[in-house]
Amino acid sequence: MSSADHELVTTMKQREFHIKRRQRATDAIHYELRRYRALIVAAVAVLVATALLCMLFALRNTLPAAWGWWRPAIVTALIGAILGAYIGQSLLHTGYGRKLVAGKENRVREKYSADLHAGRRWLQYYYKGENISGYVSQILYFIEAERRFDSVDAALAGAKASRRPGTDVADRAMDRFNHAAAHTNLAAIASTDRFGQPSIRLMRFVTSDRPGIWYVTTAPDSPKVEEFEHGRLALLTQPTESGDTISSNRVRTKCLGTSFATITELYRTQVPGYLNGLTEDEQQRELVYELTLESATVDNWLEHDVVEFRSWERPEPDRQ
């Protein structure tokens, strides 16, 4: 194996080390959050059961003597625990409960921030301009364990040839993409003019019934019109409540040449109040652009998924 390949294998091992540390940190965060939620529910259950028991003992003189005290106490404690658990679960879905869990999540995330930052840096691994992060572990296995190949190029080719499409992983990534897209409507869209001068602008977007097809509008005299026509575009959505963001630098734009009325209902349902800021004349002048995401990354501190959209343009059916 050449010295360059030895150096590549060393960096791949370093990547796998940091990725495993990141995964352990992720598992620890999930575990601590589940335990924190369980502790909240258990604490509320104990409080409610204790309160009912105190009421029972305060009224025990009114109970029939034949009942004793322990039978009603056991029944009361069980009822209190069940009622308290239900109240605790309901508390987690309130604004206050979500605030408690979010605060705990921030503290735990800060606790493991070193591993999360180190692992996030290695999520994407480029070799000759290609992101081969999905093949790194297999390349190392071919070279280190099986000793089947004596170069990274040969091991990469073997990994690609033997890889089977993971439909479960792809479906999960698509589900995360759809969930994130449904919970935000604001994206920072970066574009360049014909001189290569970049600019970035926050824009409201709406999604269609086709995954990866979004719509934005802009005034005809906006600089974005020329930049959209230039075709160089990247976007990053606002984080959702769960911290998910969608980013992509493989976006195709097309001016539909249709009126704003064709997507008015989408803006009315997905961006409440947006139409209130546009007069009828402005709506008639707005240009509608279709954004086609060829691929996208759905990312947060704990997860990283890449969505590849296929079959963008269906061929016209043969006419006989």
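A crossing of two helices is right-handed if the near helix is turned clockwise from the far one by less than a right angle, and left-handed if anticlockwise. Keep that in mind for this predicted model.

Start with helix 1 and helix 2. The crossing of this pair is right-handed. Helix 2 covers residues 70–92. The axes of helix 1 and helix 2 lie 7 Å apart, and the angle between them is about 140 degrees. An angle over 145 degrees would count as roughly antiparallel. The two helices are therefore oblique to each other. What kinds of residues make up the contact of helix 1 with helix 2? They divide into 18 nonpolar, 5 polar and 1 charged.

Now follow helix 1 to another partner. Helix 1 spans residues 3–58, and helix 4 spans residues 113–121. These two pack with their axes 8 Å apart, at an angle of about 135 degrees. That angle makes helix 1 oblique to helix 4. Which hand does this crossing have, left or right? Helix 1 passes helix 4 in a left-handed crossing.

The residues at this contact can be named. From helix 1 come His18, Ile19, Arg21, Arg22, Ala25, Thr26 and Ile29. From helix 4 come Asp115, Leu116, Ala118, Gly119 and Arg120. By class, the residues of this contact are 5 nonpolar, 3 polar and 4 charged.

Helix 1 supplies at least two residues, and so do helix 3 (95–111) and helix 7 (167–182). Which helix gives the most? Helix 3 does, with 6 residues. Sorted by class, the lining of the second largest pocket holds 6 nonpolar, 9 polar and 8 charged residues.

Helix 1 packs with helix 2. Helix 1 also packs with helix 4. And helix 1 supplies residues to the lining of the second largest pocket.

Key: Residues are numbered from 1 along each chain as its sequence is written. This is a predicted model: local features need pLDDT of at least 70, side-chain atom pairs count only at pLDDT 80 or more; totals for chains, interfaces and linings use all residues. Side-chain values use heavy atoms; hydrogens and water are left out. Axes are lines fitted to C-alpha atoms, for helices over the stretch in contact, and angles run from 0 to 180 degrees between N-to-C directions. Helices (H or I, at least four residues) and strands (E, at least two) are DSSP runs, numbered from the N terminus. Angles under 35 degrees count as roughly parallel, over 145 as roughly antiparallel, 65 to 115 as roughly perpendicular and the rest as oblique. Contact means heavy atoms within 4.5 Å. Ala, Val, Leu, Ile, Met, Phe, Trp, Tyr, Cys and Pro count as nonpolar, Asp, Glu, Lys and Arg as charged, and the others, Gly among them, as polar.
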